Amino acid sequence: MAKPKLFVFSAPSGAGKTTIVKDILKSFPDFKFSVSATTRKKRPGEIDGVDYIFITEDEFKRKIENNEFVEWEKFYDYYYGTLKKTIDENLSNGYTTIFEVDVKGALNIKKVYPDAVLIFIVPPSIDELKERLKKRNTETDEDLRKRLERAQMELSYKDKFDYVVENINLEDAKEKVKKIIEKEIS
């Protein structure tokens with residue numbers, strides 16, 4: 001059996017990362033998805049324990065104090081983090097795990113798990129990113145402004161990733177990511 005791997009995806013919000021990750025999980029049904037914990041409210045259609053582990057801010061802070069996160073961050077007034085326990089359980093059970101985290105979280109995972117493979121999804125442009133976020137219709141104007149500001153910061157980290165995939169055409173981006181994964185697991 002091949003050694004389980006950690007594939008960590010990052011991208012600015014709206015770059016297509018979630019869509020690509022969902023496709024990878026369909027293409028590689030033995031892979032596990034690392035569900036992040038968050039203090040933000042559930043969006044319509046989201047399921048606790050599937051999309052995120054929704055917890056209170058007090059509970060999140062307790063887990064920080066107990067050093068239970070491999071990475072965590074507060075942005076947009078909410079906390080997000082990856083529980084070490086989840087990663088270690090998946091690895092010890094032989095599961096390759098897919099992560100969808102922000103850039104700083106990805107780099108923290110790489111520090112703790114040096115064999116992790118970091119994949120950054122890049123939008124064609126900031127203007128295209130803005131249009132994609134507007135079409136989602138899930139952001140207030142203030143949230144949109146914050147996400148675009150954050151996108152500039154996130155893009156400055158892309159050179160620290162093992163792979164950078166530009167998402168101009170979603171199907172092409174999905175294929176490039178599949179090839180990267182096949183190369184890494186063979």
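D23 is buried, with a relative accessible area of 15%, where buried means under 20% relative accessible area, exposed over 50% and partly exposed in between, for a 1.4 Å probe and protein chains only. The model is a predicted one, in which local features need pLDDT of at least 70 and side-chain atom pairs count only at pLDDT 80 or more, while totals for chains, interfaces and linings use all residues. Residues are numbered from 1 along each chain as its sequence is written, and side-chain values use heavy atoms, with hydrogens and water left out.

D23 lies in helix α1 (residues 17-27); helices (H or I, at least four residues) and strands (E, at least two) are DSSP runs, numbered from the N terminus. Residues up to four places away in sequence not counted, D23 touches K174 and K178, contact meaning heavy atoms within 4.5 Å. Between D23 and K174 there are 7.2 Å in space, C-alpha to C-alpha, although the two are 151 residues apart in sequence.

The axes of α1 and α7 come within 10 Å and cross at roughly 50°. Axes are lines fitted to C-alpha atoms, for helices over the stretch in contact, and angles run from 0 to 180 degrees between N-to-C directions. On the α1 side the contact is made by T19, I20, D23, I24 and S27; on the α7 side it is made by L170, A173, K174, V177, K178 and I181.

The largest nonpolar core has 24 residues, and those with the most contacts inside it are F7, F9, I24, I119, I121, V177 and I181. A nonpolar core is a set of buried Ala, Val, Leu, Ile, Met, Phe, Trp, Tyr and Cys residues joined through side-chain atoms within 4.5 Å. At least two residues of this core are supplied by each of β1 (6-10), α1, β8, α5 (126-136), α6 (141-155), β9 and α7 (170-185). The largest share, four residues, comes from α7. Apart from neighbours within four places in sequence, I181 is in contact with F7, F9, I24, F28 and F31. A second, separate core of 17 residues includes V101, V103, Y113 and L155.

Strand β8 (residues 117-122) pairs with β9 in the parallel sense over four bridges; two strands pair if DSSP finds at least two bridges between them. V122 stands opposite E166 in β9.

T97, in strand β7 (residues 97-100), is buried, with a relative accessible area of 0%. Its contacts, neighbours within four places in sequence left aside, are K5, L6, F7, K32, F33, S34 and N90.

An open sheet of mixed pairing is formed by four strands in the order β4-β3-β6-β5. Its edge strands, β4 (53-54) and β5 (69-75), each pair on one side only. Helix α2 (residues 57-65) packs on the sheet, touching β3, β5 and β6 (78-83), and its direction makes about 45° with that of β6. Strand β3 (residues 37-38) and β4 pair in the parallel sense over two bridges, and the bridge partner of T38 in β4 is F54. Helix α3 (residues 84-92) lies across β5 and β6, running at about 25° to β6.
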